Amino acid sequence: MEGLLSFEDLPDWVPGDVLLSSDGQDWRNVALRSYHYRGQDVVVPAMNDFMLVSYKAGSTPMQRRFDGRWTRETLGPGATSLLTRAQKCCWNWREPIDVTHLYLSGSLVAEVASEVMDCSVSKVALHDILRTDDPVMSHAVDAIAEETRSRGLGGALYVDTVARGLIIHMLRNYASVRVHETRRSGALSPLQERRIIEFIDANLNSSLDLKIMATALGLTPCLFARQFRRSFDKPPYAFVTTRRLELARRLLATTHLPIKAIASDCGFSDQAHLTRMFSTEFGQTPAVFRRHAS
């Protein structure tokens, strides 16, 4: 969505002293910054990411206007505020405070929601909560903040794991989710089935791993694999192998292409690979099949 504010540009609207930042770390879809703020009265444009505000030092009365409604709380250490993405809001407070912002991309939240709900999620919105005293949320923010400081081994994977656990907690307690049309028993829709068969058949001579096929339907690999199996009664890799063997058999019977070329055109690594798979499936080698077919 165009015109949404990035977390990097937030200081232009809410000036403060940066105390800690994950900038420059090899993280995807997650970012963290800590600020020292003096009392302010500010308008925050609609942001590109979901934002959690964890209060670390100082205490202040806080007012926030969201969707035309004002809420008021006193906020201090242990409290967390939630702000959904793509919604403008106003903040007003008087006393100095230290806070940590955790930013979660919309794509990551939708991906986790899709896997949790076993369906394709079109939109996730956080409830507008000015104050929640939730130790799961504050501990998750603290864990990611500590990783920001320590830059430990496997940091990107660790942060992704913590963030996904946090998102599941948020989906259970603080979110509303909109899904696409209901799929029969968690399977792909008829349109998706046609699209993926066409995609596979058009790319049999290429690498067709789970991620590539899932991306063709805009799904996560985990969700795609489950729904594909429910639609076709076999996993994607087995379905692709079957389509490659069917194409190879058709080319052997109807063309004079060398078997080596057919193996390449059907996505097998070499002629020996085709021969092994073909013999297992049909009980004879490609050469023997071609002789009988002719």
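Which residues does Val30 touch, not counting residues up to four places away in sequence? The close-up views below, taken from a predicted model, begin with this residue.

**View 1. Surroundings of Val30.** Leaving aside residues up to four places away in sequence, Val30 touches Leu102, Tyr103, Leu104, Leu108, Val159 and Ala163. Val30 is also among the residues with the most contacts inside the largest nonpolar core, together with Leu52, Leu102, Leu104, Val124 and Leu166.

**View 2. The largest nonpolar core.** This core has 32 residues. At least two residues each are supplied by strands E2 (30–37), E4 (49–57), E9 (97–105) and E10 (121–126), and likewise by helices H1 (106–117), H2 (135–150) and H3 (155–173). Helix H3 provides the largest share of the core, 7 residues.

**View 3. Packing of helices H7 and H10.** Helix H7 (residues 236–254) packs against helix H10 (residues 286–293) at an angle of about 45°, and their axes lie 8 Å apart. This angle makes H7 oblique to H10. The two helices form a right-handed crossing.

**View 4. Residues at the contact of H7 with H10.** On the H7 side, the contact is made by Arg249, Leu251, Leu252 and Ala253. From H10, the contributing residues are Pro286, Phe289, Arg290 and Ala293. Classified by type, the contact comprises 6 nonpolar and 2 charged residues, with no polar ones.

Technical notes. Residues numbered from 1 in each chain as written. Predicted model: local features only at pLDDT ≥ 70, side-chain atom pairs only at ≥ 80, totals over all residues. Heavy atoms only, no water. Axes fitted to C-alpha atoms, helices over the stretch in contact; angles between N-to-C directions. Helix = DSSP H or I, 4+ residues; strand = E, 2+ residues; numbered from the N terminus. Parallel < 35°, antiparallel > 145°, perpendicular 65-115°, else oblique. Left-handed = near helix turned anticlockwise from the far one by under 90°. Contact = heavy atoms within 4.5 Å. Nonpolar A, V, L, I, M, F, W, Y, C, P; charged D, E, K, R; others polar. Core = buried A, V, L, I, M, F, W, Y, C linked by side-chain atoms within 4.5 Å. Buried < 20%, exposed > 50% of the residue type's maximum accessible area, 1.4 Å probe, protein only.
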